[in-house]
Amino acid sequence: YHQDADSGAMSASFIDNGHRARYDLRPATRLDILFQGGQYVEYLFGGPDMPSILRDYSALTGRCPLPPLWALGYHQCRWHDYTQPDVLALAAQHRHLGIPVDTLWLDIGYMRGYRVFTWDADRFPDPAAMLAQLRNDGIRVVTIIDPGVKAEPGYEVFDEGREKELFCLTDGGDIYIGQVWPGDTAFPDFVKPEARAWWGRLNAKHVKSGLAGIWNDMNEPATGNKPPDRMRFGGGKFGHERYHNAYAMLMAMGTVEGLHTAMPELRTFVLSRAGSPGIQRFAANWLGDNMSRWDHLWLSMPMGSGLGLSGQPFVGADIGGFGEDCNPELLARWMQHGLMTPFARNHNAIGRIAQYAWSFGEETLAAARDAVRLRYRLMPYIYAAFAAAAETGEPVQ
């Protein structure tokens, strides 16, 4: 965006290039822009104001479709080694304490050895029954799905992807192997339409158990201690730098295709950690792995607003902070703020103290519960704001 200091009139530009970019705003009389490859395609928006620019920009890159109503409610998540009884007890505790909640989330601990599209049968002996019981109580469940597939012969997902040549390759033609949660890990080549379609089918099968949506994480793509540079796309035709920034959106495209197949009568919900222009057509974004600090609560405000002014209205930070330990005052204040953001999810990391609404005693519980209840009283307004965003590309505000 550029705003004239005297008249207040605004204009904007968008450079359609997926390579790594650098904008240098320091010079007083010029703007330095560097893209490390790719084509030069620039769109100019004449304004004269920000709403006009956003309407035109979102007409070009796409708008956030109207999400399912439950996705606008309160979400509870924690990276924790839950069992099936634990999840049911967590739902019951929210109901017992009068804390409205629409969705419970399961991080990587629900899987069998971090193999995507699996359940740990010891911890979750009957996922479908658990999901049905929760749905009867008005609670949905979303599970995490990373792009990394455990490179293990005999694991069905890896075997199928290898047989159909759907994984990213190195310049030597071998499957690129990174190091993520399951160890040696292969990555779907989402540049290939057939890989996106395959991923969609896997997601469709996964949600048939009764899941309501999908959480895409580690999708920058994160490759652990193995540099991503050797990962190539399009069957090895394109270097990593060409599609690194687009990887998350391509993954979301495949995921949404699968959800539409599994639940054609329902609106889809996908949450993504990464994204690029256009991600709003397929997924919401959260702000990544923040910390339980006051400055991170503050940082979530300009970060969320910035995404809203960039065409992505469905955004929020992990309430309470993901890493480090929260405290009563911070949780209360973050709940009060976070429940007024478009995406409202309490989430924290394994090995950290619990930060459920009730974790710090009655005073914090009362403040958190009031914040959640206020969001639900405002739901008609929130829904209307999302409807406006779907029509105009404006932020949810």
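Asn225 lies in the loop between β12 (213-216) and α6 (240-243). Helices here are DSSP runs of H or I with at least four residues, strands are runs of E with at least two, and both are numbered from the N terminus. This is a predicted model, in which local features need pLDDT of at least 70, side-chain atom pairs count only at pLDDT 80 or more, and totals for chains, interfaces and linings use all residues. Residues are numbered from 1 along each chain as its sequence is written, and side-chain values use heavy atoms, with hydrogens and water left out.

Stay with Asn225. Its relative accessible area is 62%, so Asn225 is exposed. The cut-offs are under 20% for buried, over 50% for exposed, and partly exposed in between, with a 1.4 Å probe and protein chains only. Asn225 and Val180 are 45 residues apart in sequence, but their C-alpha atoms are 8.1 Å apart in space.

The loop between β12 and α6 also holds Met218 and Pro221. Phi of Met218 is near 55°, a positive value in a residue other than glycine. Met218 counts as buried because its relative accessibility is 12%. Pro48 sits in the loop between β5 (42-45) and α1 (50-61).

Met218 and Val180 both belong to the lining of the largest cavity. Its volume is about 60 Å³. The structure holds one cavity of 30 Å³ or more. On a 1 Å grid over the protein atoms alone, a cavity is a set of points where a 1.4 Å probe fits but cannot get out; a pocket is an open set with protein on both sides within 12 Å along at least five of seven lines; lining residues have an atom within 4 Å of a point. Grid points are joined across faces, edges and corners, and a volume is the space filled by probe spheres set on the points. The cavity lining also includes Ile108, Met111, Tyr114 and Trp181. By class, the lining has nine nonpolar residues, one polar and one charged. Ala, Val, Leu, Ile, Met, Phe, Trp, Tyr, Cys and Pro count as nonpolar; Asp, Glu, Lys and Arg count as charged; the others, Gly among them, count as polar.

Of its 24 lining residues, the closest to the centre are Met301, Gly304, Ser305, Thr341 and Pro342. Two or more lining residues come from each of α8 (294-308), β15 (315-316) and α9 (328-338). Helix α8 gives the most, with five residues. The lining of this pocket has 14 nonpolar, ten polar and no charged residues.

Now the loop between α4 (156-163) and β10 (178-180), where Asp171 lies. Asp171 is exposed because its relative accessible area is 65%. Beyond its neighbours within four places in sequence, Asp171 is in contact with Arg230 and Arg232. Contact means heavy atoms within 4.5 Å. Glu165 is found in the loop between α4 and β10. Its relative accessibility is 60%, so Glu165 counts as exposed. Phi of Glu165 is near 55°, a positive value in a residue other than glycine.

His206 is buried because its relative accessible area is 6%. Not counting residues up to four places away in sequence, His206 touches Tyr110, Phe117, Trp119, Thr143, Ile145, Leu211 and Ile214.

Two helix pairs complete the tour. Helix α2 (residues 84-96) and helix α3 (residues 127-136) pack at about 5°, with axes 11 Å apart. Axes are lines fitted to C-alpha atoms, for helices over the stretch in contact, and angles run from 0 to 180 degrees between N-to-C directions. Helices α2 and α3 are therefore roughly parallel. Angles under 35 degrees count as roughly parallel, over 145 as roughly antiparallel, 65 to 115 as roughly perpendicular and the rest as oblique. Gln84, Val87, Leu88 and Ala91 of α2 meet Pro127, Met130, Gln133 and Leu134 of α3. This contact has six nonpolar, two polar and no charged residues.

Helix α10 (residues 362-377) and helix α11 (residues 379-392) pack at about 60°, with axes 5 Å apart. Helices α10 and α11 are therefore oblique to each other. Arg375, Tyr376 and Arg377 of α10 make the contact with Met379, Pro380 and Ile382 of α11. By class, this contact has four nonpolar, no polar and two charged residues.
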